[in-house]
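Colleague: Hi! Could you walk me through this model?
Modeller: Happy to, here it is.

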Amino acid sequence: KGQLKECKEIKEGWDRMKAELKTTKEQFNKLNAEYTSTVAICRNLRLKTTQQQKRIEELEKLLAALQKNSVDPSELEARDRRIRELMQERKQCLEKQTELQE
């Protein structure tokens with residue numbers, strides 16, 4: 001009778017461990033999915049940041065060339081405004097990227 005009780009306790013312990021393992025696997029899969037999603041977001045932000053930086057550089061070169069050729073001031077202001085907007089977007093992307101990496 002003592003062995004039967006011991007076997008029952010072992011089976012109950014085994015069942016608890018199997019349930020805990022199942023829960024742990026589910027939690028791992030959820031965390032892994034979140035990690036994968038975060039990595040994808042960071043890659044996307046990094047790509048956007050790179051693209052925006054290239055565009056800013058292009059606009060800055062264009063602006064420098066235009067300033068040498070004395071262009072209409074309102075046109076320069078519009079381009080300058082666009083450069084500032086892109087720089088602000090880049091800053092926001094970098095902040096978001098930093099936030100996601102933490």
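Modeller: One term before we start: a nonpolar core is a set of buried Ala, Val, Leu, Ile, Met, Phe, Trp, Tyr and Cys residues joined through side-chain atoms within 4.5 Å. Also keep in mind that this is a predicted model.

Colleague: Okay! Which residues make up the largest nonpolar core?
Modeller: There are seven of them: Ile56, Leu59, Leu63, Leu66, Leu76, Ile83 and Leu86. Both α1 (2-68) and α2 (73-101) supply at least two residues of this core.

Colleague: And which helix gives the largest share of this core?
Modeller: That's α1, with four residues. As background, nonpolar side chains in soluble globular proteins tend to be buried together.

Colleague: How do α1 and α2 cross, at roughly what angle?
Modeller: Their axes cross at roughly 160° and come within 9 Å. Because angles over 145 degrees count as roughly antiparallel, α1 is roughly antiparallel to α2.

Colleague: Is the crossing of α1 and α2 left-handed or right-handed?
Modeller: The crossing is left-handed. Where α1 contacts α2, there are 15 nonpolar, seven polar and 10 charged residues.

Colleague: Is Cys42 buried or exposed?
Modeller: Cys42 is buried, and its relative accessible area is 8%. The cut-off for buried is under 20%.

Definitions and conventions
Residues are numbered from 1 along each chain as its sequence is written. This is a predicted model: local features need pLDDT of at least 70, side-chain atom pairs count only at pLDDT 80 or more; totals for chains, interfaces and linings use all residues. Side-chain values use heavy atoms; hydrogens and water are left out. Buried means under 20% relative accessible area, exposed over 50%, partly exposed in between (1.4 Å probe, protein chains only). Axes are lines fitted to C-alpha atoms, for helices over the stretch in contact, and angles run from 0 to 180 degrees between N-to-C directions. Angles under 35 degrees count as roughly parallel, over 145 as roughly antiparallel, 65 to 115 as roughly perpendicular and the rest as oblique. A crossing is left-handed if the near helix is turned anticlockwise from the far one by less than a right angle, and right-handed if clockwise. Ala, Val, Leu, Ile, Met, Phe, Trp, Tyr, Cys and Pro count as nonpolar, Asp, Glu, Lys and Arg as charged, and the others, Gly among them, as polar.
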